[in-house]
Amino acid sequence: MYTQALDTHGKEPLPAAGGGSAAQAQRFQARVDAEDKIEPKDWMPDAYRQTLIRQISQHAHSEIVGMLPEGNWITRAPSLRRKAVLIAKVQDEGGHGMYLYSAAETLGISRAQMFEQLLSGSAKYSSIFNYPTLTWADVGAIGWLVDGAAIMNQIPICRCSYGPYARAMVRICKEESFHQRQGFEIMLTLAQGSGAQRAMAQDALNRWWWPSIMMFGPSDADSKHTAQSMRWKIKRFSNDELRQKFIDITVPQAQFLGLSIPDRELRWDPAAQHYLIGPIDWNEFHAVLAGHGPCNRERLEARRAADEAGRWVREAAAAHAMKQHGRTPRAA
């Protein structure tokens, strides 16, 4: 589905990016309200295009940077089976990034531009990947909590109003569901193991719980983009709605594992039929977003090093393509 859009991109110009008339804006919103999919060649408001570029590129960056915390454990996985599963998972994340970069390219931004924004630090990625993976249990916690939160965020995007993004998310969500199960299975194995293994699992939960809760973004009252994104049906649920769904699903899972959620104020509200949590430390959230997390510098340095190390491959491939393009086909 992506290749069709990308094949035409470049052969025919994208629609003008101008603001358009009020009538065009009304027709666009009517299509969105009617659940029509917006495609790359369709007219769209500038703000819609820029919102999608920002969201999809940041999503792609998160998939690519997200390979680093778990990739750190590939050589130290406790068995060949665990190693093979982890390699497959990290490979999946790289593929997700490529799907998403392709979706963003249909909006008129190049992959080189997106890479430059990431490497320069001007583009954001999910704050969760700026925390270290200290033990093998962290790999389980990432799969269970981080991928679980990602699924909660991403399943509604399968119904996003922008066609290429929605279609990419169908496959991504299917693969993420396996990642979440893999993480939960690691945590279950540790929770049923020795005292040291149970302590390792609890320690990982203690460190990853609150960053996972913050993955859904600021509260609705402080979110600048939520209202408009929901009107355009880029988002289907608010940050707080998704966060609450995640909490309600995950707390019983922790209870099944025999682990304790690190929140003394956590309680069940029978009237609301929801779990209520204590206050979120938004100062930590904003500090990590601003580049002051435990691993912000390390993550960007790793991506810059990978970009530089692969430069000769890209240049060689480009030179080969130009050489092949310049050859005259031989007569039969």
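How many disulfides does the count come to by the rule that a disulfide is a pair of cysteine sulfur atoms within 2.5 Å? The count comes to zero. This is a predicted model, in which local features need pLDDT of at least 70 and side-chain atom pairs count only at pLDDT 80 or more, while totals for chains, interfaces and linings use all residues. Residues are numbered from 1 along each chain as its sequence is written, and side-chain values use heavy atoms, with hydrogens and water left out.

**Confidence**
- The protein chain has a mean pLDDT (the predictor's confidence in each residue, from 0 to 100) of 90, and 93% of its residues reach 70 or more.
- Over residues 1-17 pLDDT stays under 50, and where pLDDT is low, the predicted coordinates should not be read in detail.

**Cysteines**
- The sulfur of Cys158 has its closest cysteine sulfur in Cys173, at 3.9 Å, which is too far for a bond.
- Cys158 is partly exposed, with a relative accessible area of 23%, whereas Cys295 is buried at 5%; buried means under 20% relative accessible area, exposed over 50%, and partly exposed in between, using a 1.4 Å probe and protein chains only.

**Arg243**
- Arg243 lies in helix α11, where helices are DSSP runs (H or I) of at least four residues, numbered from the N terminus, and this arginine counts as buried at 4% relative accessibility.
- The side chain of Arg243 reaches the backbone oxygen of Gly217 at 3.0 Å.
- Leaving aside residues up to four places away in sequence, Arg243 touches several residues (heavy atoms within 4.5 Å), including Phe216, Pro218, Ile280 and Trp282.

Definitions and conventions
Helix = DSSP H or I, 4+ residues; strand = E, 2+ residues; numbered from the N terminus. Polar contact = N/O pair within 3.5 Å; in protein donor to acceptor, adjacent residues only side chain to side chain. Disulfide = S-S within 2.5 Å.
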